[in-house]
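Welcome! Please take a moment to look over the sequence and the 3D structure below, and then we can walk through them together.

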Amino acid sequence: MSAGGSLTRKRFAEGDLIFMEGDPGDETFLIQTGKIEIIKRDATGMFEPVAVLGPGQVFGEMALATSKPRAAGARALADSEVIAVSRAQVAAKLKDADPFIAALFRILAGNLEAIVARKSKEEKRSAAKPTAQDLDALTGEE
Amino acid sequence: MSGDKGVKVLNRRTFYKGDVIFHEGDEGAVAYVLQQGRVRITRKTDSGEQATLGFVEEGGVFGEMALIDKSPRMASAIADGAVVCIAIPEETVRAKLKASDPVLRTLIVMLIRMIRTMADQTTLPPDDLKALAAAAEAEAHAAAVAAEKGQTS
């Protein structure tokens, strides 16, 4: 068996919670069959659907780029089968990979992390950003 | 070198400060590995201004996304000083991808898709040229100080 171990196939029944927002994230999931809903809590703590994914799509992929807690939760909307890949398994595969492919992977993961960080900063800023009128009132200009 | 079949010639390219290595929206035929210098990646904002997405440093790969998913260039790449890079043709990238682990391959394609989606959803602030100039100046100053220190010690 390779350093990372073999991939795990997991089954979820309709309604199963796969992971929650804030959980430590280590695995990325490739959907084989079924339907997965990505959910986030809104300001009142209610679940809000962010996306619905199907076969061939991937979720939990931020775990590839960072060891930060899950930014969103995931639950099965139908009976689903997924393949789970852990960070250790990816690292083992990268070790055996062509150096160009390994570099490519690391750069893409880094870019994704940077863009996600930038986006969440942007969202926070725009939420707190004063309007143009507020600024005019403050500066007394135009 | 002429007539030597199968000899792989490294496709080395040199650019100077401000040179556009590729334009946003172009069809991409090569990926680059940055050997020397720094490359600025920029993208047009909705209002048409250029915004910096980030920088590629030595050893970094850029321009690879358009090759893999066959979409137009998502951003422009501009030399941020003298730059030497190695151009890697599409066939080479495809061959390497094809030979790679299927899980890695899936994840690479997915990472690119995610990056494109996220970039489309992110509103970037246009480049603050004054701040960029100030940062460049501070950097030059720091380099000068470091050089001076090196000389005196």
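Which residue is the bridge partner of V39(B) in β5(B)? The partner is V56(B). This is a predicted model, in which local features need pLDDT of at least 70 and side-chain atom pairs count only at pLDDT 80 or more, while totals for chains, interfaces and linings use all residues. Residues are numbered from 1 along each chain as its sequence is written, and chains are lettered from A and ligands numbered from 1 in the order in which they are written.

**Confidence**
- The scores for the model are ipTM 0.70 and pTM 0.66.
- The average pLDDT of chain B is 80, and 78% of its residues score at least 70; pLDDT is the predictor's confidence in each residue, from 0 to 100.
- Over residues 1–7 of chain B, pLDDT stays under 50.

**Layout of chain B**
- Chain B holds four helices and eight strands, where helices (H or I, at least four residues) and strands (E, at least two) are DSSP runs numbered from the N terminus.
- Their order from the N terminus is β-β-β-β-β-β-α-β-β-α-α-α.
- Of the 153 residues in chain B, 27% are buried, meaning that 20 or more other C-beta atoms, placed from the backbone, lie within 10 Å of the residue's own.

**The β4–β5 hairpin**
- Strands β4 (residues 39–44) and β5 (residues 50–56) of chain B pair in the antiparallel sense over six bridges; strands pair if DSSP finds at least two bridges between them.
- Five residues lie between the two strands, and in this hairpin G48(B) takes a positive phi near 90°.

**V39(B) and the core**
- Beyond four places in sequence, V39(B) touches residues including V56(B), F55(B), I21(B) and D80(B); contact means C-beta atoms, placed from the backbone, within 7 Å.
- V39(B) is also among the residues that touch the most other members of the largest nonpolar core, which has 60 residues; L108(A), Y32(B), I108(B) and L111(B) are the others.
- Such a core is a set of buried Ala, Val, Leu, Ile, Met, Phe, Trp, Tyr and Cys residues joined through C-beta atoms within 7 Å.
- The largest share of this core, eight residues, comes from α3(B).

**Where chain B meets chain A**
- Here 24 residues of chain B are in contact with 26 residues of chain A.
- Helices α2 (90–99) and α3 (102–121) of chain B each supply at least two residues of the side that touches chain A.
- With 13 residues, α3(B) gives the most to that side.

Key:
Buried ≥ 20, exposed ≤ 12 C-beta atoms within 10 Å, placed from the backbone. Contact = placed C-beta atoms within 7 Å.
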